[in-house]
Amino acid sequence: MRKFVWIMMAVVFLVHVTVVLSLGDHFLLGSYELRNNDDVKYVYAAQVLLEHHTLVYNSGMNPTNYIMPVVPVVLSGFMSFLDRDAAVMCFRLLQCLMQTVSLFLIFAIARELLGRRVAVVAVILDAIYVPNLFASGAILTESTFKLLFLLLICSIIHSVKRKTVGAYAIAGVMLGITCYVKPQCALLPICYLIIWLVQRYSFKDMVKYTAIIGVCSMLMLTPWWVRNYSAFHEFIPFTKSTGNPMLLGALIERAMPPKGFFEQYPEYKEKLFTGSDSSEKLAAQRIIKYGFTHKPVDYAYWFTVGKSIQLFENPFYSKPVPGLPRPAINVVHWIYVLLGFSGIVMLGLQRRYKYALPILLPFLYYWFIHLPFITFGRYGYPLVCLLTIFGAVTIVALLERSGVWKQREQAAG
């Protein structure tokens, strides 16, 4: 089993490195000169951080509170001894390594919670999931977050199993580190409460472990809080950038607000997107309130089913690998999604939800935490690695029912 995993990791690493080295800037979504997408803005931010020691993003030379710092910091580290293009390539190669390590973590999580067979199939599913190649080549946060998200889940499994102060301290540290990439994870400890109740932890232990996680995660985030207070003279726990995603998410299929909204709020007739985070957040809140008041069915559907479909329906595959066209990968992605959700149902039928809680709860949390905002394939990408585990449950169940797995094991024996 160990040999199989190492072989799969080696193959994945070599394939990803080959694709990244051969295609290079093919995966860029923007232009270095125009700075018109997140990836090239991260590269520019890294250059400014290295030269002027200031984290910027759509803010000229002034400090920003729009993004978390991990990608620019890592890129600037490479740029300290390499030119821009070489530094960007090193970052891509680092992401290839992240994808490889993530493969091992998927195996470890699946084996610990759902057994060796599920782990084997999950590894194969993640290894052949083509959008992972784009994630390795894109200068974005997805590969980094995938790795940290899986490490965070590993720390949850470890702490629940060990029930020690040290194990929960590690989970708190991992939570803080993960929030440096995606602050959406900040409330993930809510999942612990359900696990604790199921496992009948005492109230004293729940309070103790909550305090440990909270203190350790806050200690990790303290440098960021100090930086924000020093630059902006106010406490900013993460970023001030939720207004635009919230406003985009308030518009059904990105259409205009319901008829009558502009009559009630004439100040938005000329310009709905103002550019200010607080004003865009206010506009979003007004649209949501107006929508649920005047079109409750449409808005209830949009904020549940509609956004969920958009989160899962398309892969994170903005720049296809030559020879692997997007329409074909879209079909494969839907197979993964259907297998994954059928696996969740299968766990219920097998009465195994209790064992799968450390992955099922983070999956549900990360899904639902995005529903107030805009949803699309990029935000759904971190959940695919968990869908591979759930999908493996379906495949293993089908193989066991058909007798194929048992026949192969007898032949091997």
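**A chat about helices in a predicted model**

Mentor: Over residues 207–226 the chain is 100% helix and 0% strand, with the end C-alpha atoms 27 Å apart; helices (H or I, at least four residues) and strands (E, at least two) are DSSP runs, numbered from the N terminus. This is a predicted model, where local features need pLDDT of at least 70, side-chain atom pairs count only at pLDDT 80 or more, and totals for chains, interfaces and linings use all residues. Residues are numbered from 1 along each chain as its sequence is written, and side-chain values use heavy atoms, with hydrogens and water left out.

Trainee: Which residues of helix H3 are buried?

Mentor: In H3, which spans residues 70–79, they are Val 71, Pro 72, Leu 75, Ser 76, Phe 78 and Met 79, where buried means under 20% relative accessible area, exposed over 50% and partly exposed in between (1.4 Å probe, protein chains only). Seen down the axis of H3, these buried residues fall within an arc of 155°, so they line one face of the helix; the arc is that of the directions from the helix axis to the C-beta atoms.

Trainee: What do the buried residues of H3 pack against?

Mentor: They pack against helix H2 (38–52) and helix H4 (84–114), with contact meaning heavy atoms within 4.5 Å.

Trainee: New topic: is Ser 308 buried or exposed?

Mentor: Ser 308, which sits in helix H14 (residues 296–312), is buried, with a relative accessible area of 11%.

Trainee: And which residues does Ser 308 touch, leaving aside its neighbours within four places in sequence?

Mentor: Ser 308 is then in contact with Trp 367 and Leu 371.
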